[in-house]
Number of protein chains: 2
Amino acid sequence: MPAKAATELSAIALLERLLGSQLARAVETGIGDDAAVIRLGKRRVVWTIDASVEGVHFDRRWLSLEDVGWRSFQAAASDLAAMGARPIAALAGLVLPKGSTEKEITALGRGQADAARSLACPLIGGNISRGGELGVTTTLLGEVVRPILRSGARAGHELWLVGDVGLAHAGLELLRRGAAQRLSAAERVCVEAWRRPRALIAEGVRLRGRARAALDVSDGLSGDAARLASASSVRLILEERPLRSVLGPALQKAAKKLGEDPLELALLGGEDYALLAAGPKNSRPRGARRVGRIERGRGVFLEPAAGGRSVPLGPGFDHLV
Amino acid sequence: MPAKAATELSAIALLERLLGSQLARAVETGIGDDAAVIRLGKRRVVWTIDASVEGVHFDRRWLSLEDVGWRSFQAAASDLAAMGARPIAALAGLVLPKGSTEKEITALGRGQADAARSLACPLIGGNISRGGELGVTTTLLGEVVRPILRSGARAGHELWLVGDVGLAHAGLELLRRGAAQRLSAAERVCVEAWRRPRALIAEGVRLRGRARAALDVSDGLSGDAARLASASSVRLILEERPLRSVLGPALQKAAKKLGEDPLELALLGGEDYALLAAGPKNSRPRGARRVGRIERGRGVFLEPAAGGRSVPLGPGFDHLV
């Protein structure tokens, strides 16, 4: 029998089984949410780790090393935003290919430092080692009194989107198709969304006490919606009409140029770092836009604007396959 | 002018300069010690991140994936041991090459889980991503009332060694020279020291209130001694006579087989995860063995057993060059 290649889901399941017995008293939430939650005395701390690897998470054809430093930091911080946490501090593990120059390290570090400053989250240390491919692994600690988990969505809740989806993927596609030299203003918005994402920390804090569940949308709305539905054991209905209405003019224009449906870009495109949340209608905060609802059941469905039967959406991006 | 290749020292200096202004009030110790120290309410937390990358930190010819998981975890935990901290919990970022099998992931995870259990430090979550080479980055949080820093060594202190040095390097050399099939008992001790190191958590805790400075010896005694001397702005004298006397029979025998001086293996060989500490003579704890002394001045010197002038020791292993 050939060895079975792991998918991200199977790998996580295997590791959960191996480690499940270790979840100690101090640990409130372990594997399976955006970040782990631990109790230290009277305080709750949320804690995340996130890797950015060259050739997988970024491509230096279209990103400076400053961009790489910035993005890796924001991507990690986004996990805290999804829990409604404020960052306390960060550490970074750099893996540098042989012959990396001081100029390159300075650019990378400057991007990280700028991101850290933008989030008021000091980068206080880390580790440097050599490797065949450039990699940045960032770990952040954050604080929150009551973290927003993925598992709290209930039938009857509204589904909220905070921030934009689809822009980053459109931006990357424009670059891939060689449009970098002659970008319109709308297209530049997309490229910047991809190149310089922002973790929505303040927006996540505004969800506190209002959203009952949240996660960050880093792998496309469809796939991350499926994660929320699964963690909460509910059915999640994305409603085409309100969803299309929150897709802004920049995405519309870029999609037209790309010959794609903006809705597809939103559903399948990744690296947005928007927040998807669920909560009672009367507690929706400023900045959160209703894009669907939660029902009893399982899975993620798209309810067509034209009416008719809802369409089941497939699973999202798998980080291993 | 050609771009200047970075050394580990120059890279750290560059990043310190970029990030120095970010060290916030909550942060007591940032870049430059074994782990960062932050204050959370009344508690102090120490926090470290450490990477293990295939082809740099490990070679699968001589290590099973269980060994890789074990070692990466212990190596990261060793940073906490050096500060006298007890681990609270850990997260791991796995970078897995395409086509990694479920069997491989299970082996890696089992090694991590075993190490976590051995240190009473639950591995509570993390992140999986794809990459060209296998990598494990581990971050640990630990607690300690008063962390032992690298910077507290003073003239007049004794220099203490806790744990063994040289064994791991001897073990690796034996494997490199193809001796794996016919190892003597002494040689097996060396190979096991390399394959299955242990972070000296309990020993580090015993240094609390006794050692004034400590670090873990992961890059060879000579280089790590230089780091301690530099952080404390002192001169560190390794005394050949007591140092040789703490090198056990396993190292003596393996060195003989390898045709090497056991002292050289101890000074230059890495991956031991012993602890090097400094403190007043009357506070030396059980298990700490005197191997030298601290004086005014700079640098690291070896005082020959035969008498005569002390010999300056060169800088240690650089992780980038």
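How many salt bridges does the rule find across the interface of chain A and chain B?

1. Basis of the note. This is a predicted model, in which local features need pLDDT of at least 70 and side-chain atom pairs count only at pLDDT 80 or more, while totals for chains, interfaces and linings use all residues. Residues are numbered from 1 along each chain as its sequence is written, chains are lettered from A and ligands numbered from 1 in the order in which they are written, and side-chain values use heavy atoms, with hydrogens and water left out.

2. Polar links across the interface. Between chain A and chain B the rule finds 0 salt bridges (a side-chain nitrogen of Lys or Arg within 4 Å of a carboxyl oxygen of Asp or Glu). It does find 7 residue pairs in polar contact, both at pLDDT 80 or more. A polar contact is a pair of N or O atoms within 3.5 Å; within protein, one must be able to donate a hydrogen and the other to accept it, and residues adjacent in sequence count only if both atoms are side-chain atoms.

3. Extent of the interface. Chain A and chain B each bring 71 residues to the contact (heavy atoms within 4.5 Å). About 6100 Å² is buried between the two chains, 71% of it on carbon and sulfur atoms; this is the accessible area (1.4 Å probe) lost on putting the parts together, summed over both.

4. Helix 5 of chain A. In this helix (residues 185-195), the buried residues are Ala186(A), Glu187(A), Cys190(A), Val191(A) and Trp194(A); buried means under 20% relative accessible area (1.4 Å probe, protein chains only). Viewed down the axis of helix 5 of chain A, the buried residues fall within an arc of 140°, so they line one face of the helix. The arc is that of the directions from the helix axis to the C-beta atoms. Their cover includes helix 2 (65-81), helix 4 (167-176) and helix 9 (249-258) of chain A.

5. Gln74(B). This residue lies in helix 2 (residues 65-81) of chain B and is buried, with a relative accessible area of 1%. Its side chain makes a polar contact with the side chain of Ser118(B) (3.1 Å). Beyond neighbours within four places in sequence, the residues in contact with Gln74(B) include Ala115(B), Leu119(B) and Pro197(B).

6. Gly84(B). Gly84(B) sits in the loop between helix 2 and strand 4 (86-96) of chain B and counts as buried at 0% relative accessibility. The C-alpha atoms of Gly84(B) and Val205(B) are 4.5 Å apart, although 121 residues separate the two along the chain.

Conventions: Buried < 20%, exposed > 50% of the residue type's maximum accessible area, 1.4 Å probe, protein only. Helix = DSSP H or I, 4+ residues; strand = E, 2+ residues; numbered from the N terminus.
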